[in-house]
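Subject: Handover of a structure, with notes

Dear colleague,

I am passing on the structure below, followed by an account of what was found in it. Please read the notes with the coordinates open beside them.

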Amino acid sequence: MTNTPAQVMRAAIAAFALGLAGAAAQAADCDEPERPPALDGGTASMEEMLAGQKQVKAFQTANMAYMQCLEKNFQAAEENAKESSDAAARAIAQKEYTDSVEAYNAAVSAEEEVAGAFNVALRAYKAANGK
């Protein structure tokens, strides 16, 4: 039994869609880390500041892993979009690419905000404690 060109195309589109579903599942595997709580450096103890610093470093490490995961996702989605001859599948891949890039950019911003907030708390701690 020979497959018609339409059957071959439907099978190719289905296989591509399954690949995109796998990419979407992979995106679900990218775990966005929870931001550490902000410190009030003006009232925090040295121990609280040190614990806060450890939480910020742990967040930065987890956030880097998250961004690497997102980077793999948007690279795969970009490749899928380029290789797809089907407009609908290409649109799905482009959406996955856009979503992953936006999440990556938000992760970069989150890291900057967390580090900035800790630096503000550190300056307040030093001012409150004459350091």
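In what follows, a residue is called buried when its relative accessible area is under 20%, exposed when it is over 50%, and partly exposed in between, using a 1.4 Å probe and protein chains only. The model is a predicted one, so that local features need pLDDT of at least 70 and side-chain atom pairs count only at pLDDT 80 or more, while totals for chains, interfaces and linings use all residues. Residues are numbered from 1 along each chain as its sequence is written, and side-chain values use heavy atoms, with hydrogens and water left out.

Overall layout

The protein chain has three helices and zero strands, where helices (H or I, at least four residues) and strands (E, at least two) are DSSP runs numbered from the N terminus; read along the sequence, the pattern is α-α-α. Of the 131 residues of the protein chain, 26% count as buried. Taking a contact to mean heavy atoms within 4.5 Å, residues 24 or more positions apart account for 79% of the contacts in the protein chain with a separation of 6 or more. The protein chain exposes about 8400 Å², of which carbon and sulfur atoms supply 56%; accessible areas come from the Shrake-Rupley method with a 1.4 Å probe, and for residues only the protein chains shown count as cover.

The disulfide

A disulfide is taken here as a pair of cysteine sulfur atoms within 2.5 Å, and by this rule the count comes to one. Cys 30 and Cys 69 form this disulfide, with their sulfur atoms 1.9 Å apart. The pair links distant parts of the chain, since Cys 30 lies in the loop between helix 1 (5–28) and helix 2 (46–83) and Cys 69 lies in helix 2, 39 residues apart. The link of Cys 30 and Cys 69 is left-handed, with -80° about the S-S bond. Cys 30 counts as buried because its relative accessibility is 9%, and Cys 69 counts as buried because its own value is 17%.

Among the buried residues of helix 3 are Glu 96, Ser 100, Ala 107 and Glu 111. Just after helix 3, Gly 130 takes a positive phi of about 60°.

A nonpolar core is a set of buried Ala, Val, Leu, Ile, Met, Phe, Trp, Tyr and Cys residues joined through side-chain atoms within 4.5 Å. The largest such core has nine residues in all, namely Ala 44, Met 49, Val 56, Phe 59, Ala 110, Val 114, Phe 118, Ala 121 and Tyr 125. Helix 2 and helix 3 are the elements that give two or more residues to this core, and helix 3 gives the most, with five residues. Phe 118 touches Leu 39, Met 49, Gly 52, Gln 53 and Val 56, not counting residues up to four places away in sequence. A second, separate core of six residues includes Cys 30, Tyr 66, Cys 69 and Leu 70.

Asn 63 lies in helix 2 and counts as buried because its relative accessibility is 2%. Leaving aside residues up to four places away in sequence, Asn 63 touches Pro 33, Ala 107 and Glu 111. Ala 65 is also found in helix 2, but it is partly exposed, with a relative accessible area of 42%. The C-alpha atoms of Ala 65 and Pro 33, 32 residues apart along the chain, are separated by 9.2 Å.

Salt bridges

The structure holds two salt bridges, each being a side-chain nitrogen of Lys or Arg within 4 Å of a carboxyl oxygen of Asp or Glu. In one of them, the side chains of Glu 113 and Arg 35 meet at 2.6 Å, N to O. This pair links distant parts of the chain, with Glu 113 in helix 3 and Arg 35 in the loop between helix 1 and helix 2, 78 residues apart. Glu 113 is partly exposed at 43% relative accessible area, and Arg 35 is partly exposed at 42%. The side chains of Lys 95 and Asp 99 also meet in a salt bridge, at 2.9 Å, N to O; both residues lie in helix 3, four residues apart, about one turn of the helix.

With kind regards
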